[in-house]
Each structure stands twice: as C-alpha cells, then as structure tokens.
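Take a slow look at the chain below. We will walk through its parts one at a time.

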Amino acid sequence: MKSWWTKSLMVGVAVLTLGAITPNHTIWETLLDEKGTPKSHESGNEYKDYTYEWVDPSEFYDTGQTALNLLHTLAEEQAYVKFGSRIGPVIENEFQTAILPNIQQAIDMHLSGLGREKLNKLAISERPAGDYSEKIFHIFDTETNKDAIRFHVRTEKKPMEGYYFNFHYHLAEDQFQKHFAIGDIYWSKDTPPKWLS
C-alpha cells in the first residue's frame, strides 16, 4: 500500500506542476515513518520546560500616576459643574489653557509624593457650592474624611475694570489659611450669574 500511495502522490505532483517540481525522495522520508504512516509532529519536537515568574498586575495598572490622572479628570468635571451652563461656555477656552493646567500642576506637586496606597484613598468632593460661594471641589482622604487640598474660585470686582474669577487653593498643612493663586479669568463689567446656573 505504501508504494502505491507514494507513486500516486509523485505522479499527482508532477502532473499538477507540469513537471516544474520534480519529486524528491527526502520529502517522503520526512513525512512518512518506516511503516508508511504519516509521522506525528509531536514525536519530532522535544518537550521544553518553560518557567514563568508571577508578577502582580497591579504593579502595571494601578499606579500612582493613574490615581493622579483620575484626580485631574474629576477636577475638570467638577469645575464645569460649578460653572454651569451660563458661565462655562463663556470662560471655557481660557479655563482650559490658563487655569486647568495650573490646577493639575498643584495636584501633582502636593500629592505625587504620597505613594500609591495613600493616593488610592483620595477622592474629590462631588458637590460644588452654588450662588456666590467659593468651593469648586476638595480632595480628601476617604478613610479619615479630612481634606488635603481645597480648590476655590472667588468672584472679585476690580474698580474701573469689572468682574474677575479668582482661582486659588488652600492646603491642610497650614489649616487652609494661606491662599495659593492659580489664576484669574476676566468676566465683564456686568455682574456674573450665580454658580451652578
């Protein structure tokens, strides 16, 4: 049976390729064993023992930088909630270019040295103050419920110029007494609407 199968296959290859490929006996020797049955691919391969070192996936996915990026995103969202639909569209471009990068820089500067575990315990307050109150958001420790940083915006009227929004923040280190300036955005000479409106 072996010789009949081998001869038929050789003739088939020669006919299909119009003689361009001439059958070589080494092909058949590698494909068929001594009994004429196809060789198993497993028998030719040696078993290789691979060792793997287990790595904690949180070392790659749950980093301090990820926590800071989340705080940046939530800070921006809370700021737009505070602005509402009347103030937000008017100051959006200037806020994006002049104020938001400074807020993110302040978050990085004061929180990046805390370490991953402490950063993962921080959260942002979700209720900005309305009317003419200053609070945009506070970053606080979820275990102790104590604020670490408070971000505020104050409406100021400068004589002969008009109204400005003064963005600043306070730190727990000095019991929130000192103002750290972030920047100002000019509104107009008209009184601005209330926050959250």
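Which residues line the largest pocket? They are H110, L111, L114, K118, K121, L122, D141, K146, D147 and A148. A pocket here is an open set of points on a 1 Å grid over the protein atoms alone, where a 1.4 Å probe fits, with protein on both sides within 12 Å along at least five of seven lines; lining residues have an atom within 4 Å of a point.

This is a predicted model: local features need pLDDT of at least 70, side-chain atom pairs count only at pLDDT 80 or more, and totals for chains, interfaces and linings use all residues. Residues are numbered from 1 along each chain as its sequence is written, and side-chain values use heavy atoms, with hydrogens and water left out.

Now the sheet. Five strands form an open sheet in the order 1-2-3-4-5, with antiparallel pairing. Strands are DSSP runs of E, at least two residues, numbered from the N terminus. Two of them pair if DSSP finds at least two bridges between them. The edge strands are strand 1 (122–124) and strand 5 (180–186). Strand 3 joins strand 4 (residues 162–171) through 10 bridges.

Next come the charges. The whole structure holds five salt bridges, each a side-chain nitrogen of Lys or Arg within 4 Å of a carboxyl oxygen of Asp or Glu. One of them pairs K194 with D131 (4.0 Å, N to O). K194 lies in the segment after strand 5 and D131 in the loop between strand 1 and strand 2 (135–141), so the pair ties together parts 63 residues apart in sequence. R150 forms a salt bridge with D147, with the closest N and O atoms 2.9 Å apart.

Conventions:
Helices (H or I, at least four residues) and strands (E, at least two) are DSSP runs, numbered from the N terminus.
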